Amino acid sequence: MNLKLPAKTAAAPSASQRFHKLHPLPSSPGSRNRTACRFSASAMSCAPPTVRPVTIRFSDLQDKSADLSGLIEEGFGPKGLGILSVSHVPGFSSLRQNLLHLSPRLANLPEEEKQKLEDPDSRYNFGWSHGKEMLESGKPDTLKGSFYANPVLDVPTTNKSLIQRYPSYCGRNIWPNSALPELEVAFKSLGQMILNVGLMVAYHCDQYVSKGTQNRADGGLQQTLLHSRCHKGRLLYYFPTQKSAFAKKDDDGMSSWCGWHTDHGSLTGLTWAMYLRDGEQIPCPDSAAGLYIKSRTDQLVKVVYGEDEIAYQIGETTEILSGGYLCATPHCVRAARGEEASGLERSTFALFMQPDWNEVLKFPENVHIHQELIKSNSSLTFGEYTEKLLDKYYHLRS
């Protein structure tokens, strides 16, 4: 389930919590005097710096004997941005291209075909969804369409009571087998690759956390994800922008493509977005568009990584279970603006890796997030924990 939690309020930074572990891009003309912006409602009173996340080569990730704790801490630790990327993953580039090129074809299927792919019983968390998600303004989001599926299991369970209780996790995949038969293979291939690489990331996360906690309550991130039936992929397509949609480059619509949120689950895998105009792939015409993160020191940065890299972000469930050794951060996506953005299409893919609905989460003694929902040294299944969050934030259950 793609549950987005409102951004947390960070504590005031200490003198030691400087922005020294980021990797700025080489300065461009006129950018040398940039300073990091403090997070605010407008967020654009100055241009946030552009940084690269910590990057780990796939070959290093494969080596279980390698000590990557320093890199894990730099990317995911208390002073990190909650994101890192993995480079040189064999076969990733072609799988990314295959799936993202199908995104506009899916979005432009006849309406009657797309209606067959809708699943209101799962709150549109399986199959096609357009105009169902609400923007921060409270209006329906019609700028993008989404297609959700579990890349590992078409039918996670046949237990009717579980399907009724956890429809967003336990529902079944809906594929356009007649209208777009190649989607299923492309979706599953990319989703499973991102999951498998994510499990390697999770292994090294566990090695890092184990150095700081001698009596860890849970079985570790890798084992939690390895046994889960809840992983969910989301293929996103942003419809061509109109000239009037984002005409002003100085508009403060910071979260115009995706609102500020913190991921709910364990680990999220992301592809770099693909931009199209009139069916042709092009670079993004607005350098200010893209992913923005609010750092642990209350600073706003724009994050970029290679189109041949997989980015991973920590979710709040992992932050809680790791006792704060691995940290989630609020983030949003800013839309391209200006005349050159007219007619621009955007495709991307995210894989939400999360515990099984029946996975018992053993919460540590010191819980610093959602203390009103979680008791120290208590246990809840991931499904129960999700229900509590839905009750708190979205009032979806009576």
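The exercises below work through parts of a predicted model, each with its solution.

Residues are numbered from 1 along each chain as its sequence is written, and side-chain values use heavy atoms, with hydrogens and water left out. In this predicted model, local features need pLDDT of at least 70 and side-chain atom pairs count only at pLDDT 80 or more, while totals for chains, interfaces and linings use all residues.

**Exercise 1. Strand β16**

Task: Find how many residues of strand β16 are buried, and state which strands pair with β16.

Solution. 

Step 1. Helices (H or I, at least four residues) and strands (E, at least two) are DSSP runs, numbered from the N terminus. Buried means under 20% relative accessible area, exposed over 50%, and partly exposed in between (1.4 Å probe, protein chains only).

Step 2. Strand β16 covers residues 310-314, and five of its five residues are buried.

Step 3. Sort the side chains by direction. In a regular strand the side chains alternate between the two faces of the sheet. In β16, Ile310, Tyr312 and Ile314 point one way, and Ala311 and Gln313 point the other way.

Step 4. Look for partners. Two strands pair if DSSP finds at least two bridges between them. Strand β6 (residues 83-87) is joined to β16 by four bridges, and the two run antiparallel. Here valine 86 is opposite isoleucine 310.

Step 5. Strand β11 (residues 267-270) is also paired with β16 in the antiparallel sense, over four bridges. In this pairing glycine 269 is opposite tyrosine 312.

**Exercise 2. Helix α3**

Task: List the buried residues of helix α3, and state what they pack against.

Solution. 

Step 1. Helix α3 spans residues 92-100, and its buried residues are Phe92, Leu95, Arg96, Leu99 and Leu100.

Step 2. These residues cover an arc of only 120° around the axis, which puts them on the same side of α3. The arc is that of the directions from the helix axis to the C-beta atoms.

Step 3. Contact means heavy atoms within 4.5 Å. The elements against which the buried residues of α3 pack include α8 (182-212), β9 (232-238), β16 and β18 (345-353).

**Exercise 3. Serine 228**

Task: Decide whether serine 228 is buried or exposed, and find its polar contacts.

Solution. 

Step 1. Serine 228 sits in the loop between α9 (221-226) and β9.

Step 2. Its relative accessibility is 9%, so serine 228 counts as buried.

Step 3. A polar contact is a pair of N or O atoms within 3.5 Å; within protein, one must be able to donate a hydrogen and the other to accept it, and residues adjacent in sequence count only if both atoms are side-chain atoms.

Step 4. The side chain of serine 228 reaches the backbone oxygen of proline 355 at 3.4 Å. A polar atom of that side chain also lies 3.1 Å from the backbone nitrogen of aspartate 356.

Step 5. Neighbours within four places in sequence left aside, serine 228 is in contact with Gln354, Pro355 and Asp356.

**Exercise 4. Aromatic rings**

Task: Count the aromatic pairs, and classify the pair of tyrosine 169 and phenylalanine 382.

Solution. 

Step 1. Rings of Phe, Tyr and Trp (its six-membered ring) pair if their centres lie within 6.5 Å; planes under 30 degrees apart count as stacked, over 60 as edge-to-face and the rest as tilted.

Step 2. By this rule there are eight aromatic pairs.

Step 3. Tyrosine 169 and phenylalanine 382 have ring centres 5.6 Å apart and planes at 35°, and the pair is tilted.

Step 4. This pair links distant parts of the chain: tyrosine 169 is in helix α7 (residues 167-170) and phenylalanine 382 is in helix α11 (residues 382-393), 213 residues apart.

Step 5. Tyrosine 169 is buried at 3% relative accessible area, and phenylalanine 382 is buried at 0% relative accessibility.

Step 6. For comparison, take tyrosine 237 and phenylalanine 239: their ring centres are 5.0 Å apart and their planes are at 80°, so the pair is edge-to-face.

Step 7. Ring pairs also link Phe147, Trp175, Phe187 and Phe349 into a cluster.

**Exercise 5. Positive phi**

Task: State where histidine 88 and aspartate 278 are found, and whether each is buried or exposed.

Solution. 

Step 1. Histidine 88 has a phi near 60°, a positive value in a residue other than glycine. Histidine 88 lies in the loop between β6 and α3, and its relative accessibility of 53% makes it exposed.

Step 2. Aspartate 278 has a phi near 55°, also positive in a residue other than glycine. Aspartate 278 lies in the loop between β12 and β13 (280-282), and at 73% relative accessibility it is exposed.
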